[in-house]
Amino acid sequence: MLFNSYEFLFAFLPVTLAIYFIVARLGREAAILWLVIASLFFYGWWNPVYLWLIAASMGVNFLFGTALGRHGAASRRNGKRLLLAVGVAFNLSLLGYYKYANFAVTTINSVAGTEFFINTIVLPLAISFFTFQQIAYLVDAYKGIAREYRFLHYALFVTFFPQLIAGPIVHHRDMLPQFMRPDAMRPMISNMSIGLSIFALGLFKKTVLADGIAQYATPVFDAAQRDVALSFFEAWGGALAYTFQLYFDFSGYSDMAIGAARMFGICLPVNFHSPYKATNIVEFWRRWHMTLSRFLRDYLYVPLGGNRDGRLLRYRNLMLTMVLGGLWHGAGWTFVAWGALHGLYLSINHAWTHLVRRLSLPPLLPQPLTKAIYWALTFIAVVVGWVFFRAESFDAALVMLNGMAGLNGVALPNAVAVRLGPIWPVLHGVGVTTYLGGGLQFIMTWAWILFLFPIALILPNTQQIMSRFEPGLQLHTAEDRAELRPAIRIHSRLTWRPSASWALNMGVIAAFGVLAMTRVSEFLYFQF
Amino acid sequence: MNEDKAHHRFLLHLVATFVAVAALCAGMNVLIDPYALFGTPRIVGLNDLKPALPERVRTSKPYMATRIQPRTVVGGNSRPEMGLNPESPCWGDIHQPVFNASVPGMSVLMQTRHVQHAVEAGNVSNVFLGFDFLDFLIDTERTGPMRDRPRMSGAFDGHKGAAGERGLFSWSLSSQVIKDHFDALFSLVTLADSINTLVAQGNPNADTRTEQGFNPALDYRPIIRAEGQAVLFAQKNRELRQRLEKTELRLVDPESGISPAFEALKAHLAWAAERDIRVTLFINPYHSDYLYLIRTTGQWPLFEAWQRQLAKLVVENDVLLWDFNAVSAYTTEQPHADTHAPELEWFWEPAHYRKELGDLMLASMLERACVADPPANGFGTRVDAASLDAHLARLSTKLDRFIAERPTILEHMNNVSPRVK
């Protein structure tokens, strides 16, 4: 079920909430059972076929987790480690079969010239998310951080519907204790107003902003797939449109998840913190899909050795982590390239930081200018990365990048050029040409980009707006030099409180978010 | 406790605002009716011109037809939609009201479904169905819904299909109608289109559709004034060339051995015969540029084969077929690059003729003296299996002679580059 659907907003969510708090009067376990049943219904709404898979995955992982929790003695450490290895292997093989089998066979056939065949395997919904979440649980159980002996509670940790489909990726230790609080099952009006406001912001981001600009990204990437030579503005228009589409789509989804959970009295970890304000790529990854970044750091990068064995090995570990992170997003070489590119970015970032520190270089430029250059470099690097992320093939990504590099020239639609008046001869003089058709598309693309740029760069993000009311777990704080802070004074004026004016604003935002739902759309992260 | 009260008030205000915004949105959308879905009366200066309707004609036209309750229906693609005006003086009283059920960019199957729906909505005795060569071509390199007939039948047009099928699909029809209205009422996109509609009332060249389903094509005017009509020709010629240059074009699907377009047409003719409806088929006129492209891309044999198959179908079903293709003064006007030059009299661009040419076509098909200077021998040719070969030979010869007499045509076709002053 989609958050941005009438059945979710006007049936599933209110009914689940109401019954949850009614059943909670009978006791905690009854309420948890109801929430698990409702969450499984939510999961199965789209395609009930894979309900058995998530149930089996939970059952097996619960057994492994229980066994790991009971393997306390140091003398049995090897056995415990073996148990963990088998548990992790089970999860990875499940993910490997459903997500990567087709990709692996295609790759082997193309490299080795073989003709192996397997039927197309339909990707079970949210398998990447619930697999990672359960691997983290097994590792935490191995370390003694997490322990769960009641299957119902474990099932709630995995299936709790706000975070089930596309995160945020939560830890058992972050979530279950919240359900165990004495007042957890009591409905609180403040949680409703805070949760609803966060949800409304997320819905607006998704249905109005992300879906609004999406229609201008898709045709450009489709054209690249058809090997159409894209001119400079066309290619950048498509790449930037997708850059904002993805951000508002995914961060909107995360806000909705956090908002929905809050209505049940549960705080989820925040997942985005204005990533496009970051002035370096390390900071970007502290702000983009934060729960995944932390997962990759804690359960992949650090076990690989992290930065413990010298700089070179650190760079290797970064590359491996990001390549695997890329592959997690999708079974395709474009995702591998995207991951590798970010691994490279991070390595360069760390090497540069080391170099500057080592040489004790005095600042060459004024600090605001340096910051602006760092931001521009970071942003461009991220946009280039998104081209690989979005393109349907490696070749299509290269077609986009050729256009963005200006290799196909700089051109404007003829209809735009004729209306530029005295500016056009100047542009024409420096080599700008024209092409037929696409005038309205061009204007709308760039109008949307110019509209969304300041929203992403200037306005406070959801958790900053809701900062007075504990909007989520693991909030991000950054140093001044790590982010752009234009018009920072606006932030204090845009701090939510339960006032009539905020109710009016949120009512309009919620209404626009709902009224924009008539467009058919799916979350981009559904397939990951 | 005070804080709880504040949160409580906040929620009440939020819900009240939400309901108020949704109600205002719905009210505005009904009043302006940007897609002509609700049938709100058109008021000049308020909602007469409907610039958002052209993109929604597939949804709206069935509802428009229901309101018009036509006696005559015109069908086809975008060419008759902007060529045959239901308000033309050529229609007689016995034909009115006329509804133009043509829908741009759809398959022949869907074109006929729209006609069938319009017929069911009124008391129709005459149907004029225009055809386009490209709509019958199967591109075997292309896959997707255009060739996927069952999928198309299951689309919304299928739900709104002919009455004979409504018994089977009554639930889906009802739910579709409810969905269409709900989407148009409670929609931010519709609200934006309502506002755009209001703003556009001051624009005499706004893209719109009349209540009878006609496209006056006024939006071509600002392009011609700003960029010159040659730019329109160049752009269309490029698109046509891209489509016609494909080598894998054919009339019959190699997998199934059938032509989905001819099958749809056959089914439609049988459907019309059952209801005793007089069907006149016609082949839309093309500008000489279009014919030239068919010739030079090597598709002429396929073009002739298509016409032969149409003629065969005509004989089998005892209906009329008109071909309005000719190489004459009507189809060989050359476009101007100059933005101040007068518009061409008969064509907007190579594929789309103006209503003035449409009136000539109607004068021929209806056998009425309704145009000022009719051509001496009439416009268009009524063809059947016996006369087709002679007609095609004449057309081919005239086209070759025209090309030979105008050696610069190739240059004009390939070199019309956008001009910016």
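This is a predicted model: local features need pLDDT of at least 70, side-chain atom pairs count only at pLDDT 80 or more; totals for chains, interfaces and linings use all residues.

Entry, strands of chain B. I looked up strand 10 of chain B and found that T381(B) in this strand is the bridge partner of D323(B). Strand 10 (residues 381-382) of chain B runs antiparallel to strand 7 of chain B, and two bridges join them. I then checked strand 6 (residues 278-283) of chain B, which pairs in the parallel sense with strand 7 (residues 320-323) of chain B over four bridges. Here I found L320(B) of strand 7 opposite T280(B).

Entry, nonpolar core. I looked up the largest nonpolar core and read 244 residues, with I213(A) and M400(A) having the most contacts inside it. This core takes at least three residues from domain 1 (6-186) of chain A and at least three from domain 2 (193-527) of chain A. I listed the contacts of M400(A), leaving aside neighbours within four places in sequence: A224(A), L230(A), A235(A), G238(A), A239(A), V387(A) and A391(A).

Entry, chain A against chain B. I found 31 residues of chain A in contact with 29 residues of chain B. On the side of chain A that touches chain B, helix 9 (189-225), helix 17 (414-417) and helix 22 (500-515) of chain A each supply at least two residues. Helix 22 of chain A gives the largest share, 11 residues. I sorted the residues of this side of chain A into 21 nonpolar, eight polar and two charged.

Key: Residues are numbered from 1 along each chain as its sequence is written. Chains are lettered from A and ligands numbered from 1 in the order in which they are written. Two strands pair if DSSP finds at least two bridges between them. A nonpolar core is a set of buried Ala, Val, Leu, Ile, Met, Phe, Trp, Tyr and Cys residues joined through C-beta atoms within 7 Å. A residue is buried if 20 or more other C-beta atoms lie within 10 Å of its own, exposed if 12 or fewer, and partly exposed in between; C-beta atoms are placed from the backbone. Domain bounds come from an automatic or database domain assignment. Two residues are in contact if their C-beta atoms, placed from the backbone, lie within 7 Å. Ala, Val, Leu, Ile, Met, Phe, Trp, Tyr, Cys and Pro count as nonpolar, Asp, Glu, Lys and Arg as charged, and the others, Gly among them, as polar.
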